[in-house]
Structure formats: structure tokens, C-alpha cells
Amino acid sequence: MKNYFKISDFIIDPKMREDHAGVPLHVVEKLVRYHLPILNRIREALGFPVIISAHSGYRTYEWEIIHGRSGYSEHTFKGLGAVDLTCEPRHLPQLRQELLKSEYSRIAWYDHKRFFHCDFKDGELGRRFFEVWENGIWREVKDLR
Ligand SMILES: [Zn+2]
């Protein structure tokens, strides 16, 4: 299958992207093994660009702390990692539909930011869809099992 993404698309730190350095090997391997097969398949099926929202894939622990976050995000890739996805506004319902069919165990729609957060956390609880509003609280709206 055609590959539509570059590893640098998933790297939030602009310095890391510029230098092509500092990305841990385990992060690259998780992106290639777990995320790219899903994302390329979805991109192929949709036929329009799927965008890693604001390059939000891998974020270092230090990046999270500097930006006022807890450091426990799946985006730090301690587990299998997370990606934030978006596309042209008119296509968002189609992207949602494809994500709901995917292997991601948690998909969270950030309504005010217009992107889907996708990760593999808590897979033992099934596959779940959440909506997130401005207050940052995740509300489960759909059990996908
Ligand atoms: Zn996210």
C-alpha cells in the first residue's frame, strides 16, 4: 500500500523536525508498526488528505511539561502512542466513520479544535468514542464493540 505520511508529520517539536534528529527509535517503530497501517488504509479509502493536526503525534515528556500538561498523555509514546487527525471540514464526517471502524481503542473528538485524538489505551475496555468540550473533560458517547 502507498505510504501517504512522513515520520516528521508526527513530530510536534519544530526543532526536532528541522534537525531530523532526537526522535527515539521506539517512537518511529510504533508509528510504522501500529499507526501507519491504519492511517494509510484510511487515507486510501477516503481519497482526500488526512492531516496530523498541528503535527501532534509524538510529544516528549519535557514538551508536555513546558506546555503546562501533566506528562501522562499517550502522545509521549510510553505506550503505543497517539495521533491527532483532521481533514477539510466538509470531510470530517467521513473521517469519523473510518476511524470508528479502525483498530484504535479510543477515539476522542475535540469539538472546539476540530480534530480526532486516536490511541490504543485501555483496549481491554473495548473500543470507545468520546467527545471533548472546551473544559477538556472526555465524555464517552459510544461503545464501539
Ligand atoms: Zn491527542
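Q: What makes strand 3 and strand 4 a hairpin, and which residue in the turn has a positive phi?
A: Strand 3 and strand 4 form a hairpin with 4 residues between them. In that turn, R114 has a positive phi of about 60°. This is a predicted model: local features need pLDDT of at least 70, side-chain atom pairs count only at pLDDT 80 or more, and totals for chains, interfaces and linings use all residues. Residues are numbered from 1 along each chain as its sequence is written.

Q: How do you know that strand 3 and strand 4 pair?
A: Two strands pair if DSSP finds at least two bridges between them. Strand 3 and strand 4 have 5 bridges, in the antiparallel sense, so they pair. R106 stands opposite D119 in strand 4. Strand 2 and strand 4 also pair, antiparallel over 4 bridges. There, L85 stands opposite F116 in strand 4.

Q: How many helices and strands does the chain have?
A: The chain has 4 helices and 6 strands. Both are DSSP runs, numbered from the N terminus: helices are H or I with at least four residues, strands are E with at least two. From the N terminus on, the order is α-α-β-α-β-α-β-β-β-β.

Q: Why is the chain called as compact as a globular protein of its length?
A: The globule rule is 2.2 Å times the number of residues to the power 0.38, and the radius of gyration is taken over C-alpha atoms. For 145 residues the rule gives 15 Å, and the chain's radius of gyration is 15 Å, so it is as compact as a globular protein of that length.

Q: What is the order of the strands in the open sheet, and which are the edge strands?
A: The 6 strands run in the order 1-2-4-3-5-6, with mixed pairing. The edge strands are strand 1 (51-52) and strand 6 (138-143), as each pairs on one side only.

Q: What does helix 4 touch?
A: Helix 4 (residues 92-100) packs on the sheet and touches strand 2, strand 3, strand 4 and strand 5. Contact here needs C-beta atoms, placed from the backbone, within 7 Å. The helix direction makes about 10° with that of strand 4.

Q: Why is strand 6 said to lie largely in the open?
A: Of its 6 residues, the number buried is 0, so strand 6 lies largely in the open. Strand 6 pairs with strand 5 (residues 128-132) in the antiparallel sense over 5 bridges.

Q: What makes a group of residues a nonpolar core, and which have the most contacts inside the largest one?
A: Such a core is a set of buried Ala, Val, Leu, Ile, Met, Phe, Trp, Tyr and Cys residues joined through C-beta atoms within 7 Å. The largest has 22 residues, and L85, F116 and C118 have the most contacts inside it.

Terms used. Two residues are in contact if their C-beta atoms, placed from the backbone, lie within 7 Å. Axes are lines fitted to C-alpha atoms, for helices over the stretch in contact, and angles run from 0 to 180 degrees between N-to-C directions. A residue is buried if 20 or more other C-beta atoms lie within 10 Å of its own, exposed if 12 or fewer, and partly exposed in between; C-beta atoms are placed from the backbone.
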